[in-house]
Amino acid sequence: MTAILTNLFDGVAYGMLLFVLACGLAVTLGLMNFVNLAHGAFAMAGGYVCMVLVNRMGWPFFAALPLAFVSAAAIGIVLERSLYRHLYTRSHLDQVLFTIGLTFMSVAAVDYIQGSSRVFINLPAALQGQFDVFGIGIGRYRLMIIVICGLLTIGLQMVLAKTRFGSRLRAAVDDPRAASGLGINVPQVFAFTFAFGCGLAGLGGALSAEILGLDPYFPLKFMIYFLIVVTVGGSSSITGPFLASLLLGIGDVAGKYYVPKMGPFVIYTMMIVILIWRPNGLFGRTAAR
Amino acid sequence: MFERKIFPRAAAAAVIAALAAVASAKAEDSIKVGLILPMTGGQASTGKQIENAIKLYMQQKGDTVAGKKVEIILKDDAAIPDKTKTAAQELIVNDKVNFIAGFGVTPAALAAAPLATQAKIPEVVMAAGTSIITERSPYIVRTSFTLAQSSTIIGDWAVKNGIKKVATLTSDYAPGNDALNFFKQHFTAGGGEVVEEVKVPLQNPDFAPFLQRMKDAKPDAIFVFVPAGQGGNFMKQYAERGLDKAGIKVIGPGDVTDDDLLNNMGDAVLGTVTAHLYSAAHPSQMNKDFVAAYKKAFGNRPGFMAVSGYDGIHLIYEALKKTGGDTNGDKLIEAMKGQKWESPRGPISIDPETRDIVQNIYIRKVEKVDGELYNVEFATFEAVKDLGKTKK
């Protein structure tokens with residue numbers, strides 16, 4: 001029984017991490033209809049910023065996390081204004097080619113500046129180790145991930161559902177022409193949303209260094225995971241990707257624990273089964289734009 | 001139509017032949033070593049270490065041997081076997097190299113093997129560690145190690161030192177399987193029991209579920225082989241999950257605690273026992289000088305890959321000395337067989353029968369020395385041959 005709960009805990013933490021990493025992609029793909037394969041590059045940027053601040057400049061870990069968000073968002077907004085916005089109206093093939101090129105450039109750039117070996121972020125002692133609650137092993141770091149990501153998800157849902165900005169965004173997505181006719185500055189809304197998605201990826205990158213490992217190949221290695229989350233979850237809301245992340249996280253951990261020989265395939269098998277059953281993802285709209 | 005095409009082709013062939021003749025005439029003046037290493041990609045630290053060590057050797061010993069100038073031509077294969085093959089072809093056909101050397105991973109070394117056989121030039125393997133490599137061509141010599149060497153020794157050592165139940169966690173690719181099989185053979189032959197066996201995928205983002213399984217199996221120790229870069233992640237999650245506090249030790253071949261990364265792994269690795277060919281803390285005067293010179297030149301400490309590169313170029317120099325500068329491949333291989341010398345890692349030699357390395361394997365424990373983490377050697381198994389081959 002305790003083994004099941006420990007696995008559940010690990011799976012939830014892993015899923016939450018996947019969600020923070022991938023939800024920016026759900027936003028760009030689902031809401032803005034733009035295929036951004038360079039999403040992982042923003043996550044990597046955030047991770048490296050956090051690493052440099054903590055390891056080289058002696059910042060506390062919790063002070064460096066917001067900076068990881070801000071710097072990735074800043075890079076996002078610069079690239080959106082200078083490069084991405086020219087591609088919004090182009091075909092998906094152009095978008096894929098452009099963003100995959102950007103990914104390779106980011107890999108080469110980080111390799112050149114920081115070297116190719118894996119880096120670690122020095123964690124405060126309070127986040128290391130595990131403690132037992134009724135025999136269930138709770139990792140401190142993973143608990144922190146669950147708390148941070150849980151709060152973020154609630155916050156995001158509130159912003160989208162309750163605020164003026166959220167309604168503008170939903171309007172801009174549903175019908176950009178009508179929205180701009182009503183005086184909503186659609187490009188501005190998109191730019192802000194894009195930057196926010198990049199910032200979340202940056203935060204996810206900083207958080208994942210400890211669990212997934214951070215090296216210059218991060219954007220390529222985890223691109224497939226991000227895409228799985230978005231395809232399985234459907235990209236029309238954020239609850240879809242959130243539940244998909246949790247499902248995949250728990251499925252992956254449980255698969256590796258109970259059937260280690262099959263472990264790596266579980267996540268892909270789940271994806272195939274779900275997509276056969278519901279081609280638009282678990283929560284996708286039937287008439288995707 | 002057909003005839004019209006043939007003339008330019010013949011002409012082109014003639015031009016190429018003429019160019020090749022010019023190139024080979026020039027090649028007589030110097031000895032060319034084609035070095036194929038992963039300088040980019042996940043294995044880049046291997047490539048950098050070997051390149052650095054060769055530079056260092058040539059600074060120390062000069063770049064002429066037997067009256068000829070030695071020239072290194074470096075090609076990056078990013079540890080992808082297709083690229084290795086192309087690079088080896090270019091080096092052999094265009095650059096007319098006398099040696100091909102390097103090879104960060106086993107598939108790369110195997111990809112180049114048929115080319116070495118065809119061109120009859122020595123292939124000096126400076127990193128890749130699967131047993132079969134030297135059997136794939138009579139022109140291959142190895143100055144690194146085989147996984148059988150360290151895995152069998154740690155198996156023998158573990159049973160004799162109170163470790164009865166072991167769970168294994170190895171990466172699912174050729175070297176990982178080699179390490180696992182040789183360890184199991186020796187460990188179970190000595191009366192030990194393998195209670196849990198997990199092969200993790202090579203591209204594995206999260207060790208957590210595997211480690212939880214290890215923890216629940218309650219072994220005395222975990223036998224671990226993961227590629228050098230993943231060692232740090234593994235050790236961190238091992239500590240996070242509290243396996244160290246549960247009294248489960250980590251043992252394995254020394255790749256997990258590679259000197260290159262060891263110092264960044266944190267105190268969780270303290271007490272890890274591994275069997276390996278080289279530690280930067282090896283207490284010989286020669287090694288102290290080597291480590292000091294390497295640190296001064298490149299700013300970090302050498303790992304076992306650096307030492308393998310250092311010995312590889314040494315072997316090339318010695319072979320050339322013995323042949324008096326003759327670059328005939330068969331003579332060079334003959335000259336390499338049975339070479340014996342003192343390396344920074346200790347006394348080593350090339351087995352005349354298998355062309356593989358014979359070396360001491362040291363049992364080491366991770367300890368803090370002057371505030372830095374080192375593998376401190378405490379037992380030695382002398383002149384270990386590759387046990388992967390002697391079976392046959």
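Mentor: Let us start at the boundary inside chain B, where 14 residues of domain 1 of chain B are in contact with 16 residues of domain 2 of chain B, a contact being a pair of residues whose C-beta atoms, placed from the backbone, lie within 7 Å. Sorted by class, the domain 1 side of this boundary in chain B holds nine polar, three nonpolar and two charged residues; here Ala, Val, Leu, Ile, Met, Phe, Trp, Tyr, Cys and Pro are taken as nonpolar, Asp, Glu, Lys and Arg as charged, and the others, Gly among them, as polar. Domain 1 of chain B consists of 7-145 + 285-355, and domain 2 of 148-276 + 361-390, with bounds that come from an automatic or database domain assignment. The C-alpha centres of these two domains of chain B are 30 Å apart.

Before going further, please keep in mind that this is a predicted model, in which local features need pLDDT of at least 70 and side-chain atom pairs count only at pLDDT 80 or more, while totals for chains, interfaces and linings use all residues. Residues are numbered from 1 along each chain as its sequence is written, and chains are lettered from A and ligands numbered from 1 in the order in which they are written.

B:Val269 sits in the loop between helix H9 (259-262) and strand E11 (273-276) of chain B, where helices (H or I, at least four residues) and strands (E, at least two) are DSSP runs numbered from the N terminus. B:Val269 counts as buried because 27 other C-beta atoms lie within 10 Å; the cut-offs are 20 or more such atoms within 10 Å for buried, 12 or fewer for exposed, and partly exposed in between, again with C-beta atoms placed from the backbone. Leaving aside residues up to four places away in sequence, B:Val269 touches B:Met235, B:Thr257, B:Leu262, B:Val366 and B:Leu373. By contrast, B:Ile140 is 129 residues away along the chain, and its C-alpha atom is separated from that of B:Val269 by 36 Å.

Chain B as a whole contains 13 helices and 15 strands. Its radius of gyration is 22 Å, close to the 21 Å given by the globule rule for 392 residues, so chain B is as compact as a globular protein of that length; the radius is taken over C-alpha atoms, and the rule is 2.2 Å times the number of residues to the power 0.38. Along its principal axes, the C-alpha trace of chain B spans about 75 × 55 × 40 Å, and 54% of the 392 residues are buried. Among the contacts in chain B with a separation of 6 or more, 70% join residues 24 or more positions apart.

Confidence in chain B needs some care. The mean pLDDT, the predictor's confidence in each residue from 0 to 100, is 85 for chain B, with 91% of the residues scoring at least 70. Within chain B, helix H1 (residues 2-27) is lowest at a mean of 50, and strand E5 (residues 123-125) is highest at 94. Over residues 1-7 of chain B the pLDDT is below 50, and this stretch has zero contacts in the model beyond near neighbours in sequence. Residues 21-27 of chain B are also below 50, with four contacts beyond near neighbours. Where pLDDT is low, the predicted coordinates should not be read in detail.

Turning to the partner, 27 residues of chain A are in contact with 25 residues of chain B. Helix H1 (2-31), strand E2 (136-139), helix H8 (186-212) and helix H10 (239-258) of chain A each supply at least two residues of the chain A side, and H1(A) gives the most, with five residues. That side of chain A has eleven nonpolar, ten polar and six charged residues. The model scores ipTM 0.70 and pTM 0.76.

Chain A itself has eleven helices and two strands, and 46% of its 289 residues are buried. Its mean pLDDT is 84, with 96% of its residues at 70 or more.

Note on methods: Two residues are in contact if their C-beta atoms, placed from the backbone, lie within 7 Å.
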